[in-house]
Amino acid sequence: QVQLVESGGGLVQAGGSLRLSCAASGRTDSSYVLAWFRQAPGKEREFVAAITAIGWSGGSTYYADSVKGRFMTFRDNAKNTVYLQMNSLKPEDTAVYYCAADVRRTVLPARIRAAYDYWGQGTQVTVSS
């Protein structure tokens, strides 16, 4: 079992930055994939970014094309926390952002919602134009 709690969402102007945090608990190791998804009103939940387990591929990161070059995810295993640094935000980034864990993988993160067993409650990010 993994419990995930996101924080850091809010309202920001276009071009601004936000950093989301996701604190994980329930497991003593960090040998699993962590990912970020987002869901805008009336849309499907979509993949944003993922990071492999530290020690496997050195914590490799993966990004959706829509955020590549603007967002960065990284994890601090000492704090059992994963972060999503979002820069150059656009109004189309407005969504509820979710942290998710796939405890069956250490590498090659999946980009589909069904692959993830555990989810946080979500945090709202609103980007004004």
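Four strands, in the order S1-S3-S8-S7, form an open sheet with antiparallel pairing, where a strand is a DSSP run of E with at least two residues, numbered from the N terminus, and two strands pair if DSSP finds at least two bridges between them. Strand S1 (3-7) and strand S7 (71-76) stand at the edges with a single partner strand each, so one side of each has no neighbour in the sheet. From one strand to the next, the twist averages 15 degrees, an angle between N-to-C directions that runs from 0 to 180 degrees, with axes fitted as lines to C-alpha atoms.

This is a predicted model, in which local features need pLDDT of at least 70 and side-chain atom pairs count only at pLDDT 80 or more, while totals for chains, interfaces and linings use all residues. Residues are numbered from 1 along each chain as its sequence is written, and side-chain values use heavy atoms, with hydrogens and water left out.

Within the sheet, strand S3 (residues 18-25) and strand S8 (residues 81-86) run antiparallel and are joined by six bridges, and Leu20 stands opposite Leu84 in S8.

A search of the whole structure finds one disulfide, meaning a pair of cysteine sulfur atoms within 2.5 Å. The sulfur atoms of Cys22 and Cys99 are 2.2 Å apart, and their link is left-handed, with -80 degrees about the S-S bond. Cys22 lies in strand S3 and Cys99 in strand S9 (residues 95-102), so the pair ties together parts that are 77 residues apart in sequence.

| Residue | Relative accessible area |
|---|---|
| Cys22 | 1%, buried |
| Cys99 | 0%, buried |

Technical notes
Buried < 20%, exposed > 50% of the residue type's maximum accessible area, 1.4 Å probe, protein only.
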